[in-house]
Amino acid sequence: MARELVGRWWNGVWGRLTRRDVWLAREVRWHVIARAGDSETGTVLRWQFDTEDEARTMVRRLVQADGGQWREQTGAAATQPPT
């Protein structure tokens, strides 16, 4: 089964050390992927959940914990999460 990208959020900061990205994806289970830093040197964390509500709760926690001006990315801006 292919992974379906459901949502993506970005904290609006371009800096290599301060950029934050969060993805919400679904295969059989729900996946939340968070990256701190840029695509080359950033740290990636992953969680799996049985329900969409649990996954969205984690997305809210990640977005609220970091501050910044988070915005949801849609369309072409909603890039796939890191592999």
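User: What counts as a nonpolar core here, and what does buried mean?

Analyst: A nonpolar core is a set of buried Ala, Val, Leu, Ile, Met, Phe, Trp, Tyr and Cys residues joined through side-chain atoms within 4.5 Å. Buried means under 20% relative accessible area, exposed over 50%, partly exposed in between (1.4 Å probe, protein chains only). This is a predicted model: local features need pLDDT of at least 70, side-chain atom pairs count only at pLDDT 80 or more, and totals for chains, interfaces and linings use all residues. Residues are numbered from 1 along each chain as its sequence is written, and side-chain values use heavy atoms, with hydrogens and water left out.

User: OK, so how many residues are in the largest nonpolar core?

Analyst: There are 12, among them Trp9, Val22, Trp30, Phe49, Val59 and Trp70. β2 (20-26), β3 (30-36) and α1 (52-66) each supply at least two of the core residues; helices (H or I, at least four residues) and strands (E, at least two) are DSSP runs, numbered from the N terminus. The largest share, 4 residues, comes from α1.

User: Which residues of α1 are buried, and where do they sit on the helix?

Analyst: Look for Ala55, Met58, Val59 and Val63. Down the axis of α1 they fall within an arc of 130° (taken from the directions from the helix axis to the C-beta atoms), so they line one face of the helix. On the other side, Asp53, Arg61, Gln64 and Ala65 are exposed.

User: And what is valine 59 in contact with?

Analyst: Contact means heavy atoms within 4.5 Å. Leaving aside neighbours within four places in sequence, valine 59 is in contact with Trp9, Val22, Leu24 and Val32.
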